[in-house]
Protein chains: 2
Amino acid sequence: MTEPAELRERPSVLALSGGVGGAKLALGLYHVLEPWQLAVAVNTGDDFSHIGLHIAPDIDTVMYTLAGENNTELGWGRAGETWNFMDQFGQLGGDTWFKLGDGDLAVHMRRQQLLDAGCPLSEVTARFCGAKGIHAHIWPASDEPVRTIVHTADERKLPFQNYFVEEQCKPRARGFSYEGAASSKPNQGLVDALADPSLRAVIICPSNPFVSIDPILKIPGTRDALRACKAAIVAISPIVGGNAIKGPLAKMLGELGSPVSSRSILDHYRDFLSGIVIDEIDAELAATMDLPTLVAPTVMVDLDDKTKLANTVLEFADHLAMKSN
Amino acid sequence: MTEPAELRERPSVLALSGGVGGAKLALGLYHVLEPWQLAVAVNTGDDFSHIGLHIAPDIDTVMYTLAGENNTELGWGRAGETWNFMDQFGQLGGDTWFKLGDGDLAVHMRRQQLLDAGCPLSEVTARFCGAKGIHAHIWPASDEPVRTIVHTADERKLPFQNYFVEEQCKPRARGFSYEGAASSKPNQGLVDALADPSLRAVIICPSNPFVSIDPILKIPGTRDALRACKAAIVAISPIVGGNAIKGPLAKMLGELGSPVSSRSILDHYRDFLSGIVIDEIDAELAATMDLPTLVAPTVMVDLDDKTKLANTVLEFADHLAMKSN
C-alpha cells in the first residue's frame, strides 16, 4: 500500500464535499480529470463513535463511490452488502439503530485499530484509498474531531447521527454548532491546495451547507484560506426547484427562516464564492443572482450526468478565472 | 432475556466439554434430558483476545451447537455464515489468520461490549443462551482468564490459537501450561453441582484431555471437587482405533511418549473417574482396563448417534452409581 508517485504531486482541483450528493460530483470529477489531479476534502462533522468504533460516513461514502463499491440501491453503504452481523448483534441485545453492513463494519474496525495505534484519520483514509486503488486524494477536512450538533426548537442539542438517523430529521432545527471545531486544524493538503497559485478550481459540491460544508468552513483558517484563494471557487446549488434532491436541507432552510432557494446557498458562501451553478429548472432565478451564475442540468442519476456536470463546472471555473485575470 | 424459572433449579447432569467433539455429546444430552437438567462447563483455555475482542471458541461452539446454529460443513462457526467482513478487513490490511464470519463477529463484539461494561463472562454467556432460546446451562469453567500455552520441542511457548490455527498444530509439543489458572476461580455453578448430593452424573466429553479438559481441571479446587463428588463420573474416550476423531490429540500423545490409546485417557483421569466408555472398534481393549469400561459406538455423525451415545453414557453412569451404593 505505498502511495503512487503521482499522489505526491499537487492536485489541480479541490472539491469540498459531504456524503452522497457531493460524492456523485466527486465521481464525475474523478472521471474527467486524471485521478491524481483531484482532491476531495470531506466533511467529518457526521463522524461519531458507535459501539466503540470511529464511523466516518461521508469519508466512506466518497471512498466507496470513487472505488465503485457504493450501494446505489440503498444510497449509502457498500454494494453487495450482507447484514449477518447486524442481525446477530441485534438478537444478542446490541444497538441496531445505526445499520452496519458486514463489509462496511470491516472498514470501521480496521479504522479504529489504526487510530488506536496512533495513525491519524487522514493517514488511515490514504491507506484505505491505496488498498482500494483510488488514485485521487480523499482528505478528512481535519484529523481532529469536529462534530455537528443540531440545536432543536425544543431546546435539545442532538449529535448529528442521532438527529439524522435515530430521529430521522424530525426535530425542528433552530441552529447548528460544531463541537471541537475551534481547536481543530485543517488537513495540511487542504491548506496547501488553497494556497497553491497553480490550483485550477475549488468546487463546493452540491452538499448541505449547514451539516456538510459548514463543519469544514468552521475549522480555523479554512474560510480565510478560501477568501484568499486565487483560484475560482464554484458552488453547485443543492436546491433544485424549491427542494433538496436528498436530505433535510429544504426543511432546515425553512426552519431557519431562509428561502428554500439557490439564493440562500449563494448568500451562505458569498464571501468567498466566484460563481454558482443552478439547475435548469430554476433558470429564471439566474437574472436575480448578483454573482456569476451558470444554468445547467445538476441532477445526477447516471455516470454520464456526473461527468457532464463535472465538465460544465470546470469550464465555468476556467471561464471565471480567465475573466478575473 | 429473563432466565426461565427452570434454570434456577439445579442441573442433574454436569458435562465437562471442549469444542466440537464435546459439543456433539452435549447436544445428545440436551435432547435426551429436560433441557434445564443439563449443565455444560466449557473450556476457556482456547479463549484469546483478537482484534480487541474476547473470542471464546469452545463456548461459542457449544452454544451454536445447542442452538442448532452450528456450521456442520466447516465443523466450526455458524451455519449460513457470510464472510464479507473478513474479505474487506483483509483488503484493508487487517489480520485474517483467524477466520471470523459476519454473524460470528457479532457474538464477539457484543461479548466484548458486555465485558467492558463489567459483566462477567458467565453472565454474558447466560444472556446469549437466553437470547438463543437455549434452556441448558452453559458455564465458562471460570470467569477469570485461563489460557492454554503449548510448550514446543523448539523451546517456544505458543498461546493455543497460535499453535492451533496459525501454526496448524505443526510444532512438536513437549508439554502444556495454563496461564492464569492458579489465580482463577471455578464457576460457582460447577462448584455447586459437584457438591450436590442429588447430582446424577458427571460426563467428561470426548474432548482433548490436554487442551480442553485440563484447563478446567487446573482451576484450583476443581479436580479435588471431582475426587470428592458423590455422583458417578464417566469419560468418553476421544481415541478411536488408535487415532483422534478430530484435532491433534493423537499427535500430542505420541509427542509426549504416551500410547495413542484409551488407556492413556483412563490414566489421565484415573484419580476421579468411575468408568470409561470406549469405541466398539477398540472392544478388545476392554479386558485390559482396570476400571469399569463400557464398549459402545462413540463416533457421532448424526443426531441419532448423539442421542444414543448420550443415553448409553447416562445408563452406564446410573449403573455405576447403583453399584457404588
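Helix 8 (residues 209–217) of chain A lies across strand 6 and strand 8 of chain A, at about 30 degrees to strand 8 of chain A. Contact here means heavy atoms within 4.5 Å. Helices (H or I, at least four residues) and strands (E, at least two) are DSSP runs, numbered from the N terminus. This is a predicted model, where local features need pLDDT of at least 70, side-chain atom pairs count only at pLDDT 80 or more, and totals for chains, interfaces and linings use all residues. Residues are numbered from 1 along each chain as its sequence is written, chains are lettered from A and ligands numbered from 1 in the order in which they are written, and side-chain values use heavy atoms, leaving out hydrogens and water.

**The sheet**
- Three strands of chain A make an open, antiparallel sheet in the order 7-6-8; two strands pair if DSSP finds at least two bridges between them.
- Strand 7 (157–159) and strand 8 (173–179) of chain A are at the edges with a single partner strand each, so one side of each has no neighbour in the sheet.
- Strand 6 (residues 147–152) of chain A is joined to strand 8 of chain A by six bridges.
- A:His151 has A:Gly175 in strand 8 of chain A as its bridge partner.

**The helix pair**
- Helix 1 (residues 20–32) and helix 12 (residues 303–324) of chain A pack at about 75 degrees, with axes 7 Å apart; axes are lines fitted to C-alpha atoms, for helices over the stretch in contact, and angles run from 0 to 180 degrees between N-to-C directions.
- Helix 1 and helix 12 of chain A are therefore roughly perpendicular (65 to 115 degrees).
- Among the residues making this contact are A:Leu25 of helix 1 of chain A and A:Leu314 of helix 12 of chain A.

Conventions. Parallel < 35°, antiparallel > 145°, perpendicular 65-115°, else oblique.
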